[in-house]
Amino acid sequence: MRDVELWSVWFEDFFARIAGLFGRVEPRLTARAYLRALLGPVERKNGWQIAAYLGDRTPDRVQVFLRRMAWSADGLRDRVREFAVEYLGDPLAVLVLDETAVLKKGRMSVGVAPQYAGITGQVENCQVAVFAAYVTAKSRALVDRELYLGKTWAGDVARCRQAGVPTTRGKDVVTKPELGRRMVERAWRARTPFAWVAADSLYGQDRRLRAALERRRKGYVLAVPCDETTFTDVGEMRVDTLAARTPLVFERRSCGKGAKGERYYDWAVTEVTWPSEAGPARKGWRHLLLVRRSIADPTKLAYFAVHASAGTTMAALVRVAGLRWAIEDLFETAKTDCGLDQYEVRTWDAWHRHATLAMAALAFLQVTATRAAHLPAPRESAEPAAETTPAITPPPTHRHS
């Protein structure tokens, strides 16, 4: 079977898993075409260009599909997670939490406001969304998402009503760590196999998130700021002070490959007690402080709160810490290849529908690359092929440097 035919078979199998979510024939056909457009050679995957790819003169059908047709973005999210787990599932998987920003003009798009955008490192007029990535040794995929509503939106009843924000979300600001915690809980309730959660310091310093993981007996390697406090034999202490006063023994290890090859740092670990609503570490579990030191500049230290089962090795902790960057790769691939940030929608439902369809397209790409990599090598033909077809190749991997 030629590669392009195999890709088509795999796509139809994938769509058959989610087709029932779209009810009638018309939304099913539109959903299938929309996904093909997100996966296809469409320069900018917005309403007009997707409509042109579908053969429509105007984006009316696309807009109706995203705004008014009856189908559940949350139902699709759950199917995407199930699909990713079926092909990538691993009991040692890492669930990675992080947010990404999409720069926007104006003020009408739901959630848009002047706020910090990690993609530029400064305050921008943008939308910010929190995502969860499922990361295993096989591959990775985005499996959950929530749009963040800051102070300029939460509590503004009229503005939220106009954008279609559910009443339960429009009343108060729900913090990004709380959105991340809800995603972890959804994954746990769905019996998603994972052993660890990793995230940057915005999430790592949230004690409710840490407590939720400890109650579920899940490990975590969460970055924390230098002024985060922990308890030691001599009382409460900042982590940077603790690291300076403790005779740490560093080991040089790679936390994974980057754009320039293996990313080596010096690592050390010491036992602590993290303040948590869940209380002290339970039997068979430990609280640890993991310290990462730059080789080029030994004064540059990073700190990680760790909750791990007894006997967990340094190598395992470093591996989890390094896998946190996988979500950055996914964001870049989702934006460049699947149109995650190329939408032109303003309402709550339309945003979640487009974002989830982009997640679905990305999951299909990631799984397809994994499956294709394990196909047997084709036999050499005695005669040259009459025509050539594009091979299924893994989506580009954008490595953090």
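Predicted model: local features only at pLDDT ≥ 70, side-chain atom pairs only at ≥ 80, totals over all residues.
Strands here are DSSP runs of E with at least two residues, numbered from the N terminus. With that naming in hand, strand 3 turns out to be the top contributor to the lining of the largest cavity, at four residues.

**The cavity**

- There is one cavity of 30 Å³ or more in the structure, and the space in the largest cavity comes to about 50 Å³.
- Two elements each hand two or more residues to the lining of the largest cavity, namely strand 1 (94-103) and strand 3 (122-135).

**Helix 1 against helix 2**

- Helix 1 and helix 2 (residues 25-39) have axes 11 Å apart and pack at about 135 degrees.
- Angles of 65 to 115 degrees would count as roughly perpendicular and those over 145 as roughly antiparallel, so this pair is oblique.
- As for handedness, helix 1 makes a right-handed crossing with helix 2.
- On the helix 1 side, the contact uses Trp7, Ser8, Phe11, Glu12, Phe14, Phe15 and Ile18.
- Helix 2 answers with Arg28, Ala31, Arg32, Leu35, Arg36 and Leu39.
- The class breakdown for this contact is eight nonpolar, one polar and four charged residues.

**Helix 1 against helix 14**

- Helix 1 (residues 3-18) also packs with helix 14 (residues 348-373), their axes coming within 11 Å and crossing at roughly 135 degrees.
- Helix 1 and helix 14 are therefore oblique to each other.
- The crossing of helix 1 past helix 14 is right-handed.
- By class, the helix 1 and helix 14 contact comes out at seven nonpolar, one polar and one charged.

**Helix 8 against helix 10**

- Helix 8 (residues 176-189) and helix 10 (residues 207-215) have axes 9 Å apart, at an angle of about 15 degrees.
- Angles under 35 degrees count as roughly parallel, so helix 8 and helix 10 fall in that group.
- This crossing is left-handed.
- Glu178, Arg181, Val184 and Glu185 from helix 8 meet Arg208, Leu209, Ala212 and Leu213 from helix 10.
- The contact of helix 8 with helix 10 splits into four nonpolar and four charged residues, with no polar ones.

**Alanine 310 in its loop**

- Alanine 310 sits in the loop that runs between strand 12 (301-309) and helix 12 (314-323).
- Setting aside neighbours within four places in sequence, alanine 310 is in contact with Gly284, Trp285 and Arg286.
- Histidine 287 is 23 residues away from alanine 310 along the chain, and their C-alpha atoms are separated by 9.5 Å.

Notes:
Residues numbered from 1 in each chain as written. Heavy atoms only, no water. 1 Å grid on protein atoms, 1.4 Å probe; cavity = no way out; pocket = protein on both sides within 12 Å on 5 of 7 lines; lining within 4 Å. Points joined across faces, edges and corners; volume = space filled by probe spheres on them. Axes fitted to C-alpha atoms, helices over the stretch in contact; angles between N-to-C directions. Left-handed = near helix turned anticlockwise from the far one by under 90°. Nonpolar A, V, L, I, M, F, W, Y, C, P; charged D, E, K, R; others polar. Contact = heavy atoms within 4.5 Å.
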